Structure formats: structure tokens, C-alpha cells
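This report looks at a few local features of one structure. The sequence and the model are shown first.

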Amino acid sequence: MLKRFFISMLGTVAGVFISGMLAVGVLIAIVGAVAGKSLATDAGIKKHSILHLKLDGALTERMQMPSLMEIIQGDDEESVALDEVCEALRLAADDKNIDGVFIDCGAFSGGVAGCEEIVNALRRFRSDCDKWVCAYADSYTQGAYVIASQADSVFVNPIGGVDVHGTASVTPFFKELLDKVGVSMQIIKVGTYKSAVEPFILNEMSEPARRQSQEYVDSIWHYISGAVAEGRAVKRDTVQAWADSMCAIWPAARTISEGLADAAVYRRVMEQRLRELTELDDDEDLRLVSPSAYIEEKGGVLKAMDAEKDHVAVYYAVGDIVDSGSEGIVGETVVKDIVELADDDKVKGLLLRVNSGGGSAFASEQIWEALEYFKSKDKPFYVSMGDYAASGGYYISCGAQRIFADATTLTGSIGVFGMIPEASTLLGDKLGVHFSFVESNPNAAFPTVVRPLTPEQHAAMQQGVNDTYKLFTGRVAEGRDLPVDSVLRIAEGRVWVGTSALRLGLVDEIADLHEAVKQITAASDLDEDFVVMYPKSDEDMWATILHQSKAVDAARAAAGLSPMERRAMRVVERLMGQNPVQARMPLTVIK
């Protein structure tokens with residue numbers, strides 16, 4: 001399969017090149033469009049413009065153009081960049097050319113903490129200026145509706161509806177599948193609540209895992225129901241009643257009678273309402289400006305600032321923590337970056353933005369040490385947590401002088417586990433593949449997936465996990481100035497929401513990235529706009545062109561891999577390169 005992939009890739013590159021040569025005129029037009037990304041003209045943002053928040057696709061921490069390989073492999077789905085949305089709202093509040101905000105909802109999905117940050121940004125916008133905010137959707141997902149509920153007016157398509165169903169934690173279990181194929185997972189762990197291994201050894205949740213899941217599911221719903229209640233000016237009990245009785249999307253008529261929406265209109269009528277709000281004639285085009293186009297025109301903290309000036313570094317640590325590679329929080333890369341920031345006299349402070357459920361315990365420790373080196377330079381180091389800062393994500397955060405979390409951030413999960421698959425039944429009994437070992441020493445072939453661990457090997461692995469857990473809890477105790485015994489009582493792999501983490505001393509304040517930036521720039525004696533985002537991304541011109549052209553479909557077809565094959569291949573690659581000792585929270589989907 002790999003051979004097929006690489007042969008296909010060579011064909012793809014050739015195909016893309018030939019397609020490009022045959023369509024020079026088209027590419028020139030695309031380059032022109034890319035260079036002038038904004039809907040605004042050269043004269044800038046026109047009067048009576050509307051900030052257009054199009055919530056369609058997955059919510060991501062920051063906007064980054066996908067690489068050429070990601071585009072070909074199909075990893076370039078539409079997304080909504082949290083940083084751009086929040087910054088555009090901040091800038092638009094004082095812009096006389098922006099009349100209001102249009103929240104245009106599609107098939108939106110995002111973490112609850114990310115939605116919480118957009119809700120906060122909308123509330124700041126409405127408190128800072130006297131401008132309107134309206135929302136529209138053919139049908140609202142729950143995540144989109146939490147955001148849309150903050151608008152002055154909520155509109156829905158007459159044949160659409162609203163979904164407010166509550167929250168649930170859904171965890172898949174694979175033990176029976178593994179049994180059928182003849183693979184068992186050999187587990188070494190510390191922590192009653194370290195349930196990340198359960199999907200591989202059980203067919204359902206353990207009671208401790210169920211208890212903790214129920215607690216954070218209820219806490220997240222408490223936030224969502226409260227946010228919707230405040231936005232729609234109803235009681236929380238009313239929102240609870242909506243969710244209790246909604247087993248499918250309510251039709252438009254009922255959403256209006258129940259108070260979830262204000263009116264049912266077709267998009268054509270919605271656009272006419274927007275013209276009226278912006279004093280445009282019926283035949284004039286709406287002046288919709290996307291967050292990315294608006295920031296490109298207006299600047300703000302996301303616009304590349306001169307890194308040669310004194311500034312605070314906001315470093316994004318997003319994804320799985322891995323030892324090496326090109327995706328996620330890559331230990332060797334992050335360590336190098338942090339050391340460079342520490343040694344840069346122009347960097348006066350560091351805000352680490354963490355959105356990670358953890359990963360390699362080894363890489364987490366290396367990043368922790370690099371951050372300690374940064375602190376040794378007498379520069380402030382703060383952490384802002386997104387949807388997750390759990391297990392390894394909390395490991396790299398715990399040494400910060402100040403930690404901010406959203407109310408719904410999932411954090412803690414202070415625990416460690418090791419997991420080694422054993423596939424002798426699959427290979428020998430089912431596939432007829434057998435192995436003979438010739439070893440100079442008893443453990444020369446360890447670790448291997450073709451025979452089970454010996455008691456001595458299991459004991460050695462357990463000791464290593466115990467040592468890592470002791471190191472982890474010690475780092476937390478040191479960083480949070482807590483007795484080790486206190487840390488042990490709230491550790492054992494248990495996951496907490498931000499509000500509970502505040503009560504337990506794991507975080508210092510419930511506040512979003514915006515507030516964290518304000519506080520660290522003040523601590524660094526800098527203005528709030530003196531911020532540079534890291535790691536810096538170098539935009540690939542050819543990737544940008546391919547991303548915005550129809551040639552991408554031909555390129556993917558030339559690669560010869562279906563979407564399912566591409567995803568399976570990435571999963572296998574991650575598993576093959578995974579460190580055997582992990583500090584990771586459970587695989588969980590919050591709905």
C-alpha cells in the first residue's frame with residue numbers, strides 16, 4: 001500500500017505540474033485573488049460593511065494554510081479560525097465602517113471551550129459598542145446555536161430548525177473487535193481514573209470513569225444552558241425543558257413559539273433585512289467582510305508584527321504531544337522554539353496556548369524543562385487553556401506562573417499509562433505466521449508484539465510508569481505550589497472542567513485567551529497589541545493556489561486513495577510512531 005501511495009504521489013505531483021502549465025491564465029487569476037484575499041477594495045473597508053462570521057466547518061485554534069500534501073490527502077476541510085473570529089470582533093467594535101455582525105451558521109462543529117471564547121468575544125463586542133448582531137441558519141447545530149443565541153435577533157429558514165439536546169460523552173470500545181482478530185493490549189497504568197486504556201481492555205466504561213464523565217458532562221451542560229439562557233433572556237430551567245423534550249431538531253414554527261428564534265425567513269429575505277440594516281438599496285450587493293479579510297485590512301495582533309520589536313510571544317501548542325514528526329505538538333521542535341524565544345532579548349514574555357489531550361510523557365517532560373529554562377530568564381510565562389489541557393497537556397502547563405482556563409476546559413488527567421499490543425494469536429492461529437527467537441540475553445527482543453510480556457518485563461514497565469507518574473505529580477506540586485499529597489488526591493488520571501480545576505488550585509483564573517493576553521502584556525510592561533504569534537507559518541504559494549482551484553480534485557484522484565484509506569493510513573502512522581509511555585486523556589467525543 002505504501003508503495004502504491006508513493007507511486008501515486010509521484011504521479012500526482014506530475015499531474016499537478018502539468019495541470020498548472022496548461023492553465024497559466026487561470027493560475028494568474030487565482031494568484032491575484034490570493035494576493036488580494038479581502039472582499040474590501042484598495043480603498044479599504046467600505047462604509048456600511050458587515051462583519052460576516054460564517055460558522056461552517058470545524059472550529060480550529062488558528063488559521064493556517066494547509067500544506068500541499070495535506071491538500072492532496074484531503075486534510076483541508078473548511079474551518080473556522082477562533083483567533084480570527086475573536087480578533088475581528090475586537091477590532092470591529094470601534095470601526096465606524098462596520099455597521100454590525102452577521103452570524104451565518106452552517107454545518108458547524110467545535111469544542112465547547114472554543115464556542116465559549118466566541119460567546120465572550122460577542123459579549124465584549126456588544127458591551128463596547130451600540131451595533132446590532134443578528135444570526136441566521138438553515139438549521140442550527142447546538143454548538144452554532146450557543147453562539148447565535150448571543151445575537152440581538154435569531155432567524156431560521158422556514159423549513160429549518162434548531163437543535164438543543166444537551167451534552168453527552170461518547171467513548172468507543174474496541175476489546176471485542178481486538179478479541180475477534182486475535183490482538184490483546186498489555187496495559188501498565190497508574191491512576192484509578194486513568195481511563196484512556198479502557199477502550200482496549202473493556203467493552204464498557206468502568207464505574208470510576210462513568211462517574212467522572214458524568215461530572216464533566218453535567219458541568220459543560222451547565223455552562224451551555226446558562227449561556228443560551230442569558231443570550232435569549234430566559235430562565236435556565238426553560239433551556240433545560242427545551243433539551244429534555246428535544247429528541248430531534250425542532251421545526252422552525254416551534255422554535256419561534258418556544259422562544260429559541262425570533263422569525264422564520266428565507267435567505268433572500270434575510271439578505272434584504274441586512275440591506276435595510278446597512279441602508280443599502282435593493283439592488284446593491286451586501287458588503288460582507290470575513291474575519292480573515294477584515295484582519296488583512298485592519299491589522300491587529302494577528303497581523304504579522306515586526307518581531308525585531310519588543311513583544312510577547314503567544315505560542316500555540318495544539319494536538320497530540322509526540323516525540324518527533326510533523327503534526328501536533330512535536331517535542332523536539334517545540335523545545336527548540338522555546339529555547340530560541342528564551343534567548344531572544346526582544347521576547348519579553350511567553351503565553352503558551354494549550355489545546356491538547358496529551359501524548360508522549362517523554363516529550364512532555366522535555367517541553368516542561370524548556371519552559372523552565374524560559375522562566376530562568378526572568379520573563380513572565382503564562383498559560384491559556386482551550387478545549388483541552390489534560391494529561392501531557394497539563395504537564396507542559398503546570399510550571400506557568402499563571403494559568404487561565406475556560407469554564408468548560410477539560411484539564412487535569414494527571415496520570416500515566418503504557419500500552420503494548422500482543423498479536424501472537426492473530427499472527428500464529430489466524431494468519432499462520434510463526435516466530436523463532438535466538439537471543440543473547442533474556443530481554444534482547446523486548447519489546448515485541450509477537451509474544452506476551454514476561455512477568456519481569458511487565459514489572460519493569462510498571463516501575464517505569466510509576467517513576468514517570470511520580471515525576472509528573474512532583475512537577476505539578478512544584479509548579480502549583482501544592483503539597484505532593486494534595487496533588488495525589490486530585491490526580492490518578494481524573495479529568496476536571498475549568499471551574500473545578502480553579503477550586504482545586506490547578507488553574508488561577510477562569511478567563512479566555514483575550515484576557516490572558518491582556519494580563520501577560522501588562523506583566524511584560526507592553527501594550528496589548530505588542531504580540532507575535534508562534535510558531536510562524538510560511539505560506540506555500542503553490543499550496544494556496546491548489547487549495548483555491550479545482551485542480552485539487554484531480555490531484556486527489558491521481559493519488560488513488562479514498563478518504564477512508566487516507567484517514568486509516570494516518571492513524572496507522574501515528575500508532576507506529578507512538579511512544580509506549582503515554583500521558584493522555586481518554587478518547588472521548590463531547591456531543
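Predicted model: local features only at pLDDT ≥ 70, side-chain atom pairs only at ≥ 80, totals over all residues.

## Helix α10

Helix α10 spans residues 236-245, and its buried residues are Val239, Trp242 and Ala243. These residues lie on the same side of α10, because the arc they cover around the axis is only 90°. An α-helix has 3.6 residues a turn, so residues three or four places apart point the same way. Asp237 and Asp244 are exposed on the other side of α10.

The packing partners of the buried residues of α10 are α6 (142-148), α9 (207-232), β8 (250-251) and α11 (252-258).

## Helices α5 and α9

Helix α5 covers residues 112-128, and its axis comes within 11 Å of that of α9, with a crossing angle of roughly 25°. Angles under 35 degrees count as roughly parallel, and α5 and α9 are therefore roughly parallel to each other. Their crossing is left-handed.

On the α5 side, the contact is made by Val112, Glu116, Val119 and Arg123; on the α9 side, by Ile220, Tyr223, Ile224, Ala227 and Glu230. Sorted by class, the contact of α5 with α9 has six nonpolar and three charged residues, and no polar ones.

## Leu51 in strand β1

Leu51 belongs to strand β1, residues 49-60. Leu51 is buried, since its relative accessible area is 0%.

Beyond its neighbours within four places in sequence, Leu51 is in contact with Ala88, Leu89, Ala92, Ile98, Gly100, Val101, Phe102, Val289, Ser290, Pro291 and Tyr294. Asp99 is 48 residues away from Leu51 along the chain, and 8.1 Å separates their C-alpha atoms.

Conventions
Residues numbered from 1 in each chain as written. Heavy atoms only, no water. Buried < 20%, exposed > 50% of the residue type's maximum accessible area, 1.4 Å probe, protein only. Helix = DSSP H or I, 4+ residues; strand = E, 2+ residues; numbered from the N terminus. Arc of directions from axis to C-beta. Contact = heavy atoms within 4.5 Å. Axes fitted to C-alpha atoms, helices over the stretch in contact; angles between N-to-C directions. Parallel < 35°, antiparallel > 145°, perpendicular 65-115°, else oblique. Left-handed = near helix turned anticlockwise from the far one by under 90°. Nonpolar A, V, L, I, M, F, W, Y, C, P; charged D, E, K, R; others polar.
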